[in-house]
Amino acid sequence: MKISVNTEIALTYLSARKKQTAVASLGVMFGISMFIFMQSLMKGTNDYFEKMSFNSTPHIRLYSENKVADNHILKGFLKDSSVKMLTNPKQLIQTQGLNNPYGLVKEISKYPRVANVTPQVTAMVIYTSGSVQINGNVAGVDIDQENKMFDVQSNMVAGNLHDLNRVNNGLLIGKGVADKLSLHLGDNITVTSGTGSPTIMRIVGIFATTIKQIDETKSYANIVQAQNLLGKDRSYVTDIKINVKDYNSAPSVAKDLETLTGYKAEDWVQANEQIKAAFKIRAVILNSVIGVLLLVAGFGIYNILNMTIYEKIKEIAILKAQGFSGPSVTSIFLQQALFIGLLGGLIGVSFGYLITLMVSHIYIGAGTLKYLPMSFYTPHYIEAIIFGILTTVAAGFFPARKASKVDPVTIIRG
Amino acid sequence: MAESALKATNITKYFHDPVTIPVLKNISLDVHKGEFVSIVGKSGCGKSTLLYVLSTMDTDYEGSLDINGTLVTGKSLNALAKIRNASIGFVFQFHYLLPDFTCLKNVMIPALRLGKLSYKEVEEKAYEKLKMFGVEDQALKRADKLSGGQQQRVAIARALINDPAIIMGDEPTGNLDSKNTGIVFDLFQKLSKEFGQTLITVTHDEDFARRSDRIIEMADGEIKSHGK
């Protein structure tokens, strides 16, 4: 390979001062590996929490809200002379379900930004086994669709969730419910809702999420079972759960659906505001730490090149006397910075990968979270190299420019 | 009349620090090809300043300068660097070799910069030049491991690597003993007589000056005698 004389000089300078080159590269290496480690940890954690929150919450939940009717429309239309007839859900028995739910499901699934739609019947119930009773709720669902949207399978600790479709009166219960009532797979349980008659159901599966509150109250049943429990007909549906293609667009889709259906559409951002805030705070912490690390590495390179230039100022003058132009001298010193950046970057990337790999084996063991969630996401590594090179080149630019401006006459004549 | 290698017309230069004083006053000078010229004068008479103006490194002057019949005054710094690389060789009082490189590399660097020959050819040529000065056995040593006389000889070899039309020396033998001075002088003479290269040296060494083709005497920023 033919290397240019500028490169040759740059490499000779670097290898003549191996220690300094190593120190500068180490600075970059730490910057880059921390960059990768922090990015992987943050993405891993964010992905985990997102997955967790979407495991229990749909992107959008459409339901009928219990709300005291307000009169502002009437007031605008009839003015103060009118008598207002307002309904209050405490006094007037209203159906809690949605009107024409399957029509709504059909309409919503036509919506281009929507990925999945599934109806649900939620029933507040009392679980009874022997003389022990606990409160809870039954989610009547289409389990296949539910699994597709919320990955119920990953939380299963016993049984088969598809038995919900096969076994009459089948029920999937949370691990907390099972423990409290000391129930096992195949046992019977009595479920009583506020409006229906007590029903004996068979446990076909047990699931455990990381959320205690859910594990101790929730169970899944076939949607028809849940309707039966409540003593309602087949058209009774309390919620429609919707997943959109891009979950960031959920708030705007929710707004559209609210206008379209007249029901309350709650998006995951509203439901999980604290998670969103945590994402943002983590991003700020991460970016400032990375910024500081790269800044420190950059200053290291700046310092070392500056010192080199002070030491080599006579040699630079001689090179210029021999016909090296300003740009040639700039290139000699920029190449040194670039080489330090590349060396530190490459070692940093491998080191960052190693740290990430090691940390991903740290046992956490909380709920479904066994190990620290780390993501191995290739763009992070590419970004790290680009950032590393940009930092080193920026740090090398000023010393290199100074070197190119050395006036040979003043230096050689002293 | 021989062809002109370097022609300076009405060169005037001031030093501005601490007060503005003229160091070169309206100097005109013509050196033709193959001439071996010595510039002599007392310390502070401006002879080194003149040499750096002639070398194209110093661009802060009034007047005009032609090298090989081309006007170089007013050219960009990068263009001047190219001219120096291709047609001017320098020898200084101190060797100014790059200590991190071998002697051979030091000699090769200007030629690699020029880029006219392949790496292999440059290497051969550098060996040849080192041989001329009897330091070829030091070729692979680092430049800072040589004795002062050897270093200066390597530095001269470096100045000659691109076969420059003009070789300029600022006290080139100032740090050499009489034996080494003799070697260098003989070589300079050979370069001018046999290869037609032009030599312009600033020197304090009267003996060295006397043996050159022409002595230009300077005093107080003016040329007292063109030596013709």
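A: Domain bounds come from an automatic or database domain assignment. The structure discussed here is a predicted model.

Q: Which domains does the assignment give for chain A?

A: Chain A has domain 1, made of 5-53 + 275-413, and domain 2, made of 60-73 + 83-271.

Q: How far apart do the C-alpha centres of domain 1 and domain 2 of chain A lie?

A: The distance between the two centres is 52 Å. As for contacts, seven residues of domain 1 of chain A meet five residues of domain 2 of chain A. On the domain 1 side, the residues are three nonpolar, three polar and one charged.

Q: How many residues of chain A are in contact with chain B?

A: A contact is judged by C-beta atoms, placed from the backbone, that lie within 7 Å. By that test, 19 residues of chain A are in contact with 20 residues of chain B. Four helices of chain A each supply at least two residues of the side that touches chain B: helix 1 (5-16), helix 13 (313-321), helix 14 (326-359) and helix 16 (408-413). Helix 13 of chain A gives the largest share, five residues.

Q: How do the residues on that side of chain A divide into nonpolar, polar and charged?

A: Ten are nonpolar, five are polar and four are charged.

Q: What is the secondary structure of chain B?

A: Chain B has seven helices and ten strands. Its radius of gyration is 17 Å, close to the 17 Å from the globule rule for 228 residues, so chain B is as compact as a globular protein of that length. The C-alpha trace of chain B spans about 45 × 45 × 40 Å along its principal axes.

Q: What share of the residues of chain B count as buried?

A: A residue is buried if 20 or more other C-beta atoms lie within 10 Å of its own. Of the 228 residues of chain B, 47% count as buried. Sequence separation is another thing to read: among contacts in chain B between residues at least 6 apart in sequence, 70% join residues at least 24 apart.

Q: In what order do the six strands of the open sheet in chain B stand?

A: The order is 6-7-8-3-9-10, with mixed pairing. Strand 6 (88-91) and strand 10 (222-225) of chain B are at the edges with a single partner strand each, so one side of each has no neighbour in the sheet. On average, neighbouring strands of this sheet are turned by 25° against each other, direction ignored.

Q: Which residue is the bridge partner of B:F90 in strand 7 of chain B?

A: The partner is B:M168. Strand 6 and strand 7 (residues 166-170) of chain B run parallel and are joined by four bridges.

Notes. Residues are numbered from 1 along each chain as its sequence is written. Chains are lettered from A and ligands numbered from 1 in the order in which they are written. This is a predicted model: local features need pLDDT of at least 70, side-chain atom pairs count only at pLDDT 80 or more; totals for chains, interfaces and linings use all residues. Two residues are in contact if their C-beta atoms, placed from the backbone, lie within 7 Å. Ala, Val, Leu, Ile, Met, Phe, Trp, Tyr, Cys and Pro count as nonpolar, Asp, Glu, Lys and Arg as charged, and the others, Gly among them, as polar. The radius of gyration is taken over C-alpha atoms; the globule rule is 2.2 Å times the number of residues to the power 0.38. A residue is buried if 20 or more other C-beta atoms lie within 10 Å of its own, exposed if 12 or fewer, and partly exposed in between; C-beta atoms are placed from the backbone. Two strands pair if DSSP finds at least two bridges between them. Axes are lines fitted to C-alpha atoms, for helices over the stretch in contact, and angles run from 0 to 180 degrees between N-to-C directions.
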